Amino acid sequence: IPFDRHDAFVVGRSKRAAARLPHKDPFLSRYHFLVEMNPPLCRVVDLESHNGVFVNGAKTPAADLTDGDVLKAGRTVFRVGVE
């Protein structure tokens with residue numbers, strides 16, 4: 001998802017999440033995490049999900065993301081790209 005200005009959105013399985021992921025991932029919460037971007041800055045915040053958020057393999061409640069970071073929530077994996 002490309003961004004060129006400040007924005008924030010929630011990722012999860014809920015129909016109300018801005019970035020809705022498939023129900024196939026039983027380890028992903030309805031409202032799993034928040035991503036806030038203000039290019040080139042990017043931050044992830046766990047929304048008290050049941051299984052947590054992992055950045056580069058480490059569980060974290062919140063983290064600043066940089067180019068190449070790997071974000072994992074449930075069984076879903078994202079690679080961060082910052083230009």
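**Local geometry and packing in the predicted model**

F33 is buried, at 1% relative accessibility, where buried denotes a relative accessible area under 20%, exposed over 50%, and partly exposed the range in between (1.4 Å probe, protein chains only). The structure is a predicted model, in which local features require a pLDDT of at least 70 and side-chain atom pairs a pLDDT of 80 or more, whereas totals for chains, interfaces and linings use all residues. Residues are numbered from 1 along each chain as its sequence is written, and side-chain values use heavy atoms, with hydrogens and water left out.

The structure holds one aromatic pair. The ring centres of F33 and F78 lie 5.9 Å apart and the ring planes stand at 80°, so the arrangement is edge-to-face. For this assignment, rings of Phe, Tyr and Trp (its six-membered ring) pair if their centres lie within 6.5 Å; planes under 30 degrees apart count as stacked, over 60 as edge-to-face and the rest as tilted. The pair links distant parts of the chain, with F33 in strand β3 (residues 33-38) and F78 in strand β9 (residues 76-79), 45 residues apart. Strands are DSSP runs (E, at least two residues), numbered from the N terminus. F78 is partly exposed, at a relative accessible area of 25%.

Strand β9 also belongs to an open sheet of four strands, ordered β6-β5-β8-β9 with antiparallel pairing. Because β6 (58-60) and β9 stand at the edges with a single partner strand each, one side of each is left without a neighbour in the sheet. Neighbouring strands of this sheet are turned by 30° against each other on average, direction ignored; the axes are lines fitted to C-alpha atoms, and angles run from 0 to 180 degrees between N-to-C directions. Strands β5 and β6 pair in the antiparallel sense over three bridges, pairing being assigned if DSSP finds at least two bridges between two strands. V53 stands opposite T60 in β6.

S49 lies in the loop between β4 (41-46) and β5 (53-55) and is buried, with 12% relative accessibility. The S49 side chain makes polar contacts with the side chains of H32, at 3.2 Å, and D46, at 2.7 Å. A polar contact is a pair of N or O atoms within 3.5 Å; within protein, one must be able to donate a hydrogen and the other to accept it, and residues adjacent in sequence count only if both atoms are side-chain atoms. When residues up to four places away in sequence are not counted, S49 touches S29 and H32, contact being defined by heavy atoms within 4.5 Å.

A17 occupies the loop between β1 (7-12) and β2 (19-20), and its relative accessibility of 6% places it among the buried residues. Apart from residues up to four places away in sequence, A17 touches V10, V11, G12, R30 and Y31. The C-alpha atoms of A17 and H32 are separated by 9.0 Å, the two residues being 15 residues apart along the chain.

Several loops contain backbone exceptions. Most residues other than glycine have a negative phi, and most peptide bonds are trans. P39 and P40 are joined by a cis peptide bond with an omega of about 10°, and P40 is located in the loop between β3 and β4. E48, in the loop between β4 and β5, has a positive phi near 55° and is exposed, with a relative accessible area of 77%. N56, in the loop between β5 and β6, likewise has a positive phi, of about 55°, and is partly exposed at 48% relative accessible area.
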